[in-house]
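Hello,

Here is the structure we talked about. Please open it alongside this note; my findings follow below.

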Amino acid sequence: MTSTELAARIAAIADEKQAEDIVALEVADLVGYTDVLLICTARNERLAKAIHDEVHEQLKHGPEALLPARSEGIGENRWILLDYLGCVLHIFIPETRERYRLDQLWGEADGVDLGLPQLAS
């Protein structure tokens, strides 16, 4: 599975759990730790945790059989990070996404077409 395919899979799971403003950025030429940054917003901490749980469970028990190399932010649920090496998922609540503005920080990165028409890329 390529990094883009993994990002598309994660984005679809997050979208099913009502994640909003999903953005995928190609950062392979900019950083050495991942290929795709996937950023999404959850309306509140409870939904952020639900998105995390769903992504974690579906990738763990699905055909990918993947566990994140690292996860952070569980507990506060204001900014949750799941690092699947080729794709790093950031789940923000609105206030935290606005504060850190990763979309703008990585503004020079190209968007990734995830092949899902309902998602921004």
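**The hairpin and strand 5**

In the hairpin of strand 4 and strand 5, 3 residues lie between the strands, and leucine 85 takes a positive phi near 65°. Helices (H or I, at least four residues) and strands (E, at least two) are DSSP runs, numbered from the N terminus. Two strands pair if DSSP finds at least two bridges between them.

A note on the source: this is a predicted model, where local features need pLDDT of at least 70, side-chain atom pairs count only at pLDDT 80 or more, and totals for chains, interfaces and linings use all residues. Residues are numbered from 1 along each chain as its sequence is written, and side-chain values use heavy atoms, leaving out hydrogens and water.

Strand 4 and strand 5 are antiparallel and share 5 bridges. Aspartate 83 stands opposite valine 88 of strand 5. Strand 2 runs parallel to strand 5, joined by 6 bridges. There, isoleucine 39 stands opposite histidine 90.

Why is strand 5 largely enclosed by the rest of the structure? Because 6 of its 6 residues are buried. Buried means under 20% relative accessible area, exposed over 50%, and partly exposed in between (1.4 Å probe, protein chains only). In a regular strand the side chains alternate between the two faces of the sheet. Both faces of strand 5 are covered: one side has Cys87, Leu89 and Ile91, the other Val88, His90 and Phe92.

Cysteine 87 sits in strand 5 (residues 87-92). Its relative accessible area is 0%, so cysteine 87 is buried. Its contacts (heavy atoms within 4.5 Å) include Ser3, Ile10, Val36 and Leu82, not counting residues up to four places away in sequence.

Histidine 52 belongs to helix 2 (residues 45-61). Histidine 52 is also buried, at 8% relative accessible area.

**The cores**

A nonpolar core is a set of buried Ala, Val, Leu, Ile, Met, Phe, Trp, Tyr and Cys residues joined through side-chain atoms within 4.5 Å. The largest one has 28 residues; Ile10, Leu38, Ile51 and Leu114 are among those with the most contacts inside it. Elements giving two or more residues to this core include strand 1 (20-26), strand 2 (36-41) and strand 4 (79-83). Helix 1 gives the most, with 7 residues. Apart from this core lies another, of 12 residues, among them Val27, Leu37, Leu81 and Val88.

Best wishes
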